[in-house]
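Subject: Structure for you to look at

Hello,

Here is the structure I said I would pass on. My notes on a few of its elements follow below.

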Amino acid sequence: MITVVGTGTGAPLPPGVLAGARLVVGGRRHLDAVRLPEGVERIVLGPLAPALDTIEEHVGKDLPVTVLASGDPGFFGIVRVLAERFGADRLDVRAGVSSVAAAFARVGLPWDDAVVVSAHGREPRTAVNVCRAHPKVAVLTGPGAGPAELGSAVPADRLLVVASALGDPERERVERVTPAEAAARDWGTDVSVVLCLDESRALGAVRTVAGGRAEPPGWALGEDEFAHRDSMITKFEVRALALARLGPRLGDLVWDVGAGSGSVAVECARLGAAAVAVEKAADGVERIAANARAHGVYVDVVCDIAPGALAGLPDPDAVFIGGGGAELPAVVTACAARARRTVVVAMAALDRVPAARAALTGAGFSCDGVLLQSSRLAPLPGEVTRLAATNPVFLLWGSRIPVSDHGPEEGSEEGVAL
């Protein structure tokens, strides 16, 4: 058997857990904190592959192995890797308290509605986007993805709770700081987890829309779910295909350019992505903010004209461009230069299609599209039904080869996030 023991957040090792072990594997801080029986081989975890090979040698000889890990080793931890390599039936897991649970406990907050993301061994942009989109986030940190990096990128109104050396009676610290304060400090290597909180929403686990109605399920919501002006809103048939091509998901950042009512931005936020809506009309900006509040999501609203408004924004994973005047080719070109994955363009005017298509292909994107022309059921007197045609809309989308993040190698709770 391989005994996997969670430690490091204050709980002592279970009695006798090291008795009989012939190999003990763990991080240096875990190994230095215990007294190993005489003659026991030990491996300090760095890259996982050599440690796994040594574990396999011992397992093949039916020699007992103990693995020490941080907190709960089944929570963003080494249990996943060990189960895939050796089978879950070979594991005897002794779970400790995860660093996330410990951090929320220290500040007296429930965390059943929190979003947890690991930034260990990967670029921090995914964690940052989750912090932008959600009111209660726990980030497992790592080199180059700690409080300073988060503080320099998350909204200024967030509260960061930085939990360092959790469980260590001498070095543990739990500090509440603003993003600016976090960005200005050198935090060292003891940080276990950072909580990013929107205090105005952090205790609200259930989302409701205006008037106390339950949040509507699904996506591609009807136009009546959004405040809009003179039917100036992306119709739900168009929005459904646009969302399918945008593919918004947790950790993504989506721009909604020429946002109008912000229906696309709000739907992307409902699906877990961080969303930025760019709208030039002041009344439109107010409408977008109201729609976001009504659906219980956060949308960053920028009142400015594209493409100039885009220069100061973080790079998006996907972009939706609505409407379109004479500046449309320049907007598409600017968005394609920044988008990591997809650009979707909706146009009512036939004359705009060739220029938008040329802008996408000129930026090195593949390009596909469709003319959407739907007819909705509409009642007539006498309990009969007719088909009411909606205005046709051209939807173009361009895609580039997706950018993939590389996972980490260390085997602790903070190290393996799949």
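Two strands count as paired if DSSP finds at least two bridges between them; strands (E, at least two residues) and helices (H or I, at least four) are DSSP runs, numbered from the N terminus. The model is predicted, so local features need pLDDT of at least 70 and side-chain atom pairs count only at pLDDT 80 or more, while totals for chains, interfaces and linings use all residues. Residues are numbered from 1 along each chain as its sequence is written, and side-chain values use heavy atoms, with hydrogens and water left out.

Mixed sheet: five strands form an open sheet in the order β6-β7-β10-β8-β9, with mixed pairing. β6 (115–118) and β9 (173–177) each have a single partner strand, so one side of each lacks a neighbour in the sheet. β8 (residues 159–164) pairs with β9 in the antiparallel sense over five bridges, and Ser164 stands opposite Arg173 in β9.

Strand β1 (residues 2–7): six of its six residues are buried, meaning under 20% relative accessible area (1.4 Å probe, protein chains only). Ile2, Val4 and Gly6 point one way, and Thr3, Val5 and Thr7 the other. Ile2 stands opposite Leu91 in β5, and Val4 has Val67 as its bridge partner in β4.

Helix α8 (residues 236–246): its buried residues are Val238, Arg239, Leu241, Ala242, Leu243 and Leu246. Just after α8, Gly247 takes a positive phi of about 60°.

Regards

Conventions
Buried means under 20% relative accessible area, exposed over 50%, partly exposed in between (1.4 Å probe, protein chains only).
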